[in-house]
Amino acid sequence: MKAWNIWERVLLALLVLLLIVFGLTQPGFMSVDTLADSTFNFSEKGLLALAIALLIVCGEIDLSIAATLALCSLAMGYAMKAGAGPWAIVAAALLTGGVAGAVNGVLVTRYKLPSIVVTIGTLSLYRGLALVALGDQSISGYPEVFSVLGNSYVGEVIGVRWLVVPIEFVTLCGFALVVGLVLHRTVVGRRIYAIGANPVAARFSGIEADRYRFGLFVFAGLMAAVAAIFLTGRIGSTRPNIAMGWELDAITMVILGGVAIEGGRGSIVGTVLSVLLLGLFTFGMGMANVTGIVMSMVIGMLLIVSMVLPRLLKSGRAPA
Amino acid sequence: MKQLLTIRREWLLLVIIAVIALGVGTRAPVFLTWRNGMDIANDSAILAILVMGQMLVLLTRGIDLSVASNLALTGMACALIGKAFPGMNIVVLIAIALAIGALLGSINGWLITGFNLPPIVVTLGTMSAYRGAIFVASKGAWISDQDIHEGIKGLPRAEWLGLPALVWFALLVLVLATVFLKYRRAGREIYALGGNPHAATYVGIAVPARLRLVYTLSGMLAGLAGLLWVGRYSIAYTELASGYELTVIAACVIGGVSIGGGVGTVLGATFGVLFIGVINAALPVIQVSPFWQQAISGAVILISVTVNARSERRAGRQILERQGVTG
């Protein structure tokens with residue numbers, strides 16, 4: 001339950017190694033501008049990963065999170081078409097995300113269904129609704145402010161030219177800090193671990209397990225909405241296949257970050273390091289002209305190796 | 001009593017399918033013709049083959065997310081082999097497809113049992129790994145109609161005794177799966193270990209061996225499906241059948257196979273496949289956008305699991321049982 005354990009150190013070492021290797025082999029990689037630009041590729045996925053990390057620690061999972069993102073983006077599109085201003089568009093996204101998460105939460109807590117089945121169902125349902133609504137069309141023409149939100153740097157906005165940190169990345173860091181503090185420094189966080197480690201014991205200890213589960217599903221929906229706002233702003237349009245398959249990318253980030261799929265173990269520090277590691281790895285390989293699909297192959301193998309290695313090293317015993 | 005309940009549930013699903021078919025048939029009589037029925041069966045055949053493999057895995061409380069990638073990789077491998085050796089016999093190609101698929105599946109089984117890893121994570125990893133391997137094997141190129149082996153192309157178009165070859169393949173797999181699960185010792189053991197892994201170990205069931213078996217079989221069937229898929233659509237490329245694993249799992253869940261393990265029948269899963277097939281075929285006929293298909297499957301999954309949970313209340317399970325279960 002510590003936020004800083006062996007696995008986090010391994011990830012940090014890998015991250016440093018990766019920076020050194022790409023820094024030496026890819027000219028231009030180690031410049032501030034390049035590194036800042038690279039964060040565009042993983043900031044939204046990182047937001048999803050934070051929510052997934054909490055859910056998995058709690059013993060649940062949300063496969064519908066990317067489909068929820070698509071639905072939120074759709075809501076933004078409809079709100080815009082209805083003539084809403086930027087704030088109302090944001091509210092539409094958050095409301096849709098919250099409701100989508102609450103539907104998952106109700107099905108899991110009220111009807112005692114396994115979250116993997118529920119969210120496979122809502123994955124099809126949410127993505128299907130986005131497909132039905134849009135068909136092969138797309139919605140574009142969002143207000144300028146969304147493009148700024150998705151594409152600009154903090155320095156540009158507040159007038160400090162050297163501060164080349166994308167707004168998206170700052171948002172990710174902010175959320176990571178809050179989620180990390182809640183999980184590792186508050187009673188709420190301890191209870192999430194307790195529920196994930198042993199749901200029955202947690203319930204007998206007087207923890208309102210279902211209330212926490214429900215809350216985390218709603219949180220996942222809201223994070224999907226935040227990611228939708230940035231992604232929609234960044235690419236400037238809503239398509240029904242937006243963020244397709246991202247749920248698996250986000251889960252890979254979380255698992256590689258050392259969160260145990262059985263629940264009860266893992267940290268936000270590990271998750272964030274893994275988001276950075278995978279994000280920079282993908283970006284660096286992209287600079288080296290490696291195709292996306294080959295990178296996902298490497299990441300898939302990395303995921304398996306990262307689980308096999310600790311078990312081999314500890315001669316079959318589970319990692320701490 | 002439980003037996004009775006599951007039987008009733010399967011027939012209920014069949015009734016629903018029949019009502020949908022009749023309802024669509026009254027609006028468009030062409031829907032109820034033999035020809036259209038054969039089209040639906042043909043379209044559902046590959047899904048049925050995959051669903052049988054996935055069901056075996058789900059029965060053991062596992063999940064195989066890599067089936068679609070396995071299908072595409074095996075399909076690509078067969079397409080490449082067929083392109084290199086145009087004179088090769090189709091029977092040899094089928095054997096190769098089964099072997100490659102089984103090998104890819106056994107890697108899953110070996111990782112899961114050898115290192116005591118959660119199936120969902122292992123197959124998530126191999127899903128990406130196999131998908132990438134297609135790109136590496138094909139160098140990103142498409143293998144299109146003129147380069148596909150004649151035998152592979154001919155197979156899904158063949159008709160034996162008035163039924164399309166694809167339907168025969170699916171029927172063969174269904175029969176074998178029924179015999180295996182009902183009358184073979186290994187099949188019964190799969191139900192037992194899915195129902196209660198601890199008890200299964202105590203009564204002397206070789207749990208790791210059975211798990212390796214189900215993942216190998218799931219892979220083998222995915223390999224066969226890959227060959228048939230490439231033949232049916234006459235094309236092989238990297239993104240082939242991408243995301244199809246969710247349709248396969250959806251068909252299982254609709255058909256009453258429990259993700260929690262130990263519950264599910266060949267008949268139920270077949271009806272699950274049929275349901276998806278009928279919906280897919282019905283939407284264009286009644287002039288509803290085919291985009292509805294995914295949303296409907298999603299809604300049906302949610303409804304069927306909710307109904308199941310009501311009839312059989314039990315405490316919520318974790319995503320996966322904690323470690324030590326498979327050991």
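Me: Why are α4(A) and α12(A) called oblique to each other?

Reply: The axes of helix α4 (residues 65-81) of chain A and helix α12 (residues 209-235) of chain A cross at roughly 55° and come within 8 Å. Angles under 35 degrees count as roughly parallel, over 145 as roughly antiparallel, 65 to 115 as roughly perpendicular, and the rest as oblique. Roughly 55° belongs to the rest, so α4(A) and α12(A) are oblique. The angle is taken between N-to-C directions on a scale from 0 to 180 degrees, with axes being lines fitted to C-alpha atoms, for helices over the stretch in contact. Please keep in mind that this is a predicted model: local features need pLDDT of at least 70, side-chain atom pairs count only at pLDDT 80 or more, and totals for chains, interfaces and linings use all residues. As for the labels, residues are numbered from 1 along each chain as its sequence is written, while chains are lettered from A and ligands numbered from 1 in the order in which they are written.

Me: Which hand does the crossing of α4(A) and α12(A) have, and what makes it so?

Reply: The crossing is right-handed. The near helix must be turned from the far one by less than a right angle, anticlockwise for left-handed and clockwise for right-handed. On the α4(A) side the contact includes I65(A), L69(A) and M76(A), and on the α12(A) side it includes A224(A), A228(A) and L231(A). Contact here requires C-beta atoms, placed from the backbone, within 7 Å of each other.

Me: How do the residues of that contact divide by type?

Reply: There are 10 nonpolar, 4 polar and no charged residues. Nonpolar covers Ala, Val, Leu, Ile, Met, Phe, Trp, Tyr, Cys and Pro, charged covers Asp, Glu, Lys and Arg, and polar covers the others, Gly among them.

Me: What makes α2(B) oblique to α12(B)?

Reply: Helix α2 (residues 34-59) of chain B and helix α12 (residues 266-285) of chain B have axes that come within 8 Å and cross at roughly 140°. That angle is what makes α2(B) oblique to α12(B). This crossing is right-handed. Among the contacting residues are D39(B), L47(B) and M55(B) of α2(B), with V273(B), I276(B) and A281(B) of α12(B). The contact holds 12 nonpolar, 6 polar and 2 charged residues.

Me: How do you know that α12(B) is largely enclosed by the rest of the structure?

Reply: Of the 20 residues of α12(B), 14 are buried, so the helix is largely enclosed. Buried means 20 or more other C-beta atoms within 10 Å of a residue's own, exposed means 12 or fewer, and partly exposed lies in between, with C-beta atoms placed from the backbone.

Me: What span is expected for α12(B), and what does the model reach?

Reply: From first C-alpha to last, α12(B) reaches 29 Å, close to the expected 28 Å. The expected span is 1.5 Å times one less than the number of residues. The helices themselves (H or I, at least four residues) and strands (E, at least two) are DSSP runs, numbered from the N terminus.

Me: What covers the buried residues of α4(B)?

Reply: The buried residues of α4(B) include L93(B), I100(B) and L104(B). Their cover includes α15 of chain A together with α3, α5 (119-138), α6 (150-154) and α10 of chain B.

Me: Why does A241(B) count as buried, and S234(B) as partly exposed?

Reply: A241(B) has 23 other C-beta atoms within 10 Å, so A241(B) is buried. S234(B) has 17, so S234(B) is partly exposed. A241(B) lies in the loop between α10 and α11 of chain B, and S234(B) lies in the loop between α10 (207-233) and α11 (244-254) of chain B. Phi is positive near 55° for S234(B), a residue other than glycine, and about 55° for A241(B), which is not a glycine either.

Me: What makes I139(A) partly exposed?

Reply: I139(A) has 18 C-beta neighbours inside 10 Å, so I139(A) counts as partly exposed. I139(A) lies in strand β1 (residues 139-140) of chain A and touches G77(A), S237(A) and T238(A), leaving out residues up to four places away in sequence.

Key
Contact = placed C-beta atoms within 7 Å.
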